[in-house]
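Work through the exercises below with the sequence and the model side by side. Try each task before reading its solution.

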Amino acid sequence: MIALAAAFTILQIPKFKKTKLATAVVAVIFIMAAVSVKQYFAHYVNVDPSTMTEEQASAAYRRTMNIAYQSIAEQGGWFGWAGAIPVVGGQKSIDNHFLLVHLMQGELGYILFILIAAESIRTATAASWSFQASEDRIFACSMMAIFAIFWITYYVVYMGVQMPQIKFLFLGWGQSLASKKAGMRSIAKAPSQPRLRFQQLHT
């Protein structure tokens with residue numbers, strides 16, 4: 001629900017004429033929402049375990065898991081544990097894909113994963129600012145919303161082995177976003193070539 005709410009908010013950006021201002025407002029809303037959600041979940045799981053609901057128990061499991069495996073991820077060094085991740089407290093299910101990448105691929109893989117996530121948002125944001133046509137801005141913001149769903153969901157669950165292929169498909173699509181002005185300028189600078197060429201034959 002949080003990921004869908006974030007995506008819905010991002011999709012409101014093209015409705016405003018000043019795209020940069022709308023993006024800044026949405027960013028501020030996200031920061032305030034992130035702080036509020038963090039405080040809410042801290043109180044949500046701070047109850048007696050015997051009175052916890054199933055949802056509270058699941059949230060408490062994720063919180064304990066993130067704390068317990070953080071030191072294990074640091075012990076993995078730059079290249080991680082690969083498939084030999086130590087099990088802590090019987091918590092075999094790691095429901096945080098960012099943490100799982102950190103554990104399996106180490107600091108190097110984790111940094112690269114963060115950079116990929118940041119670059120996907122940056123590219124979509126830059127495209128939404130540079131496009132002039134409303135349908136192009138809508139498409140760029142749609143890609144931004146898709147990436148927001150991906151990264152927020154990755155933080156709270158493990159998406160399985162099929163999602164990376166879909167994720168990188170959208171990442172490639174997002175990287176292909178380019179301003180039409182740049183394309184027109186590159187075409188204008190290219191020397192004109194005749195569409196048909198005739199070769200004189202000597203007999």
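Buried means under 20% relative accessible area, exposed means over 50%, and partly exposed lies in between (1.4 Å probe, protein chains only). This is a predicted model, in which local features need pLDDT of at least 70, side-chain atom pairs count only at pLDDT 80 or more, and totals for chains, interfaces and linings use all residues. Residues are numbered from 1 along each chain as its sequence is written, and side-chain values use heavy atoms, with hydrogens and water left out.

**Exercise 1. Classify Ser 176, Phe 79, Thr 19 and Thr 125 as buried, partly exposed or exposed.**

Step 1. Locate Ser 176: the loop between helix H6 (163-175) and helix H7 (180-189). Helices here are DSSP runs (H or I, at least four residues) and strands are E runs of at least two, numbered from the N terminus.
Step 2. Ser 176 has 49% relative accessibility, so Ser 176 counts as partly exposed.
Step 3. Phe 79 sits in the loop between helix H3 (54-75) and helix H4 (97-130). Phe 79 is exposed because its relative accessibility is 65%.
Step 4. Thr 19 belongs to helix H2 (residues 19-44). Its relative accessible area is 9%, so Thr 19 is buried.
Step 5. Thr 125 lies in helix H4. Thr 125 is buried too, at 13%.

**Exercise 2. Describe the fold of the protein chain in outline.**

Step 1. Count the elements: seven helices and zero strands. The order from the N terminus is α-α-α-α-α-α-α.
Step 2. Check burial: 31% of the 203 residues are buried.
Step 3. Look at contacts (heavy atoms within 4.5 Å). Of those with a separation of 6 or more, 62% join residues 24 or more positions apart.
Step 4. Ser 176 and Thr 123 are 53 residues apart in sequence, yet their C-alpha atoms are 9.2 Å apart.

**Exercise 3. How many aromatic pairs does the structure hold, and which residues form a cluster?**

Step 1. Rings of Phe, Tyr and Trp (its six-membered ring) pair if their centres lie within 6.5 Å.
Step 2. There are ten aromatic pairs.
Step 3. Ring pairs join Phe 98, Phe 113, Phe 139, Phe 150, Trp 151, Tyr 154, Tyr 155, Phe 170 and Trp 173 into a cluster.
Step 4. Follow Phe 113. Beyond four places in sequence, Phe 113 contacts His 97, Phe 98, Val 101, Trp 151, Tyr 154 and Lys 167.

Conventions. Phe/Tyr/Trp six-rings, centres within 6.5 Å; stacked < 30°, edge-to-face > 60°.
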